[in-house]
Amino acid sequence: MPELIPALLVQDAAEFRTRLDFVEGVARCVQLDCMDGHFVSSRTWYEAGAVDTSLEIELHLMVSDPLAVIRAWKRIPQVVRAFWHLEAPIDHQKIIDECRTLGWECGLAISPDTSAERLAPYAEITDAVLVLGVTPGWSGQKLIPSTLEKVKQIKERWPALVVGFDGGVTRGTIPDLLAAGVDRVCAASAIFLDAHPRAAAESLKRLIEGP
């Protein structure tokens, strides 16, 4: 069944805590967007530390050194998976091995200009892929339509691979995402820029997962 994953782009620990509270009990898992100001121009807070929450956490690593962030967060029991970018010039196998050692799920994130074909060396040795519907770096952008075709290509070629989708998620685009085969819908501004974030999350969850 498709799942809502609230995506957290935050600037400090207090904002992280506040946004967790908005979706606690609504979602099962949240995504923490980690931006280092180098791999992408934006920078977010992602300092590892004890977290008092029942929510699981996945890391979306828009950083130049994903392995360093993974090792910083390995002490946090709520973390269940990590995504890092296929476009990063790093040893992807080494990071996959590290995630396996930690007992985490793992996968690659791919930006809009990256072809699905580039997943081929990793698709059968990872658990999931995170397809970006927008250029990575900031929230609130409009979905790039060609990314929906990429989802379809991935599902057709690797049906066992779980597909997450991040960027351009709104009530209007969600039906198209689900029709394309998206398994996890990552929503940021559609929840946290709403005047009533918890109600927005509950509404999106019903739309994605059903009543």
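Which residues does Phe 16 touch, not counting residues up to four places away in sequence?

1. Let me start with that one. Phe 16 touches Leu 8, Val 10, Leu 32, Trp 45, Val 51 and Ile 57, once residues up to four places away in sequence are left out. Keep in mind that this is a predicted model.

2. The largest nonpolar core has 61 residues, and Phe 16 is listed with Leu 32, Leu 59, Leu 61, Trp 73 and Ile 154 as having the most contacts inside it. Helix H2 (residues 66-73) gives the most to this core, with 4 residues. There is a second, separate core as well: it has 15 residues, including Leu 9, Leu 132, Cys 186 and Ala 188.

3. You'll find Trp 45 in the loop between strand S2 (29-35) and strand S3 (56-62). Its relative accessibility is 16%, and the cut-off for buried is under 20%, so Trp 45 counts as buried. Leaving aside neighbours within four places in sequence, Trp 45 is in contact with Val 10, Gln 11, Asp 12, Ala 13, Phe 16, Leu 32 and Asp 33. If you want a distance to check, Trp 45 and Gly 107 are 22 Å apart in space, C-alpha to C-alpha, and 62 residues apart in sequence.

4. Next, helix H4 (residues 146-157). At 1.5 Å a residue, its 12 residues should span 16 Å, and the end C-alpha atoms are 17 Å apart, which agrees. The buried residues of H4 are Thr 147, Leu 148, Lys 150, Val 151, Ile 154 and Lys 155. They cover an arc of only 155 degrees around the axis, which puts them on the same side of H4.

5. Finally, the whole chain. The protein chain has 7 helices and 8 strands. For 211 residues, a compact globule would have a radius of gyration near 17 Å; the protein chain has 16 Å, which agrees. Its C-alpha atoms fill a box of roughly 40 × 40 × 30 Å along the principal axes. Buried residues make up 55% of the 211. Of the contacts between residues at least 6 apart in sequence, 64% join residues at least 24 apart. The chain exposes about 9,200 Å², with carbon and sulfur atoms supplying 52% of it.

Technical notes:
Residues numbered from 1 in each chain as written. Predicted model: local features only at pLDDT ≥ 70, side-chain atom pairs only at ≥ 80, totals over all residues. Heavy atoms only, no water. Core = buried A, V, L, I, M, F, W, Y, C linked by side-chain atoms within 4.5 Å. Buried < 20%, exposed > 50% of the residue type's maximum accessible area, 1.4 Å probe, protein only. Helix = DSSP H or I, 4+ residues; strand = E, 2+ residues; numbered from the N terminus. Contact = heavy atoms within 4.5 Å. Expected span 1.5 Å × (residues − 1). Arc of directions from axis to C-beta. Rg over C-alpha atoms; globule rule 2.2 N^0.38 Å. Areas by Shrake-Rupley, 256 points an atom, 1.4 Å probe, with all protein chains shown as cover.
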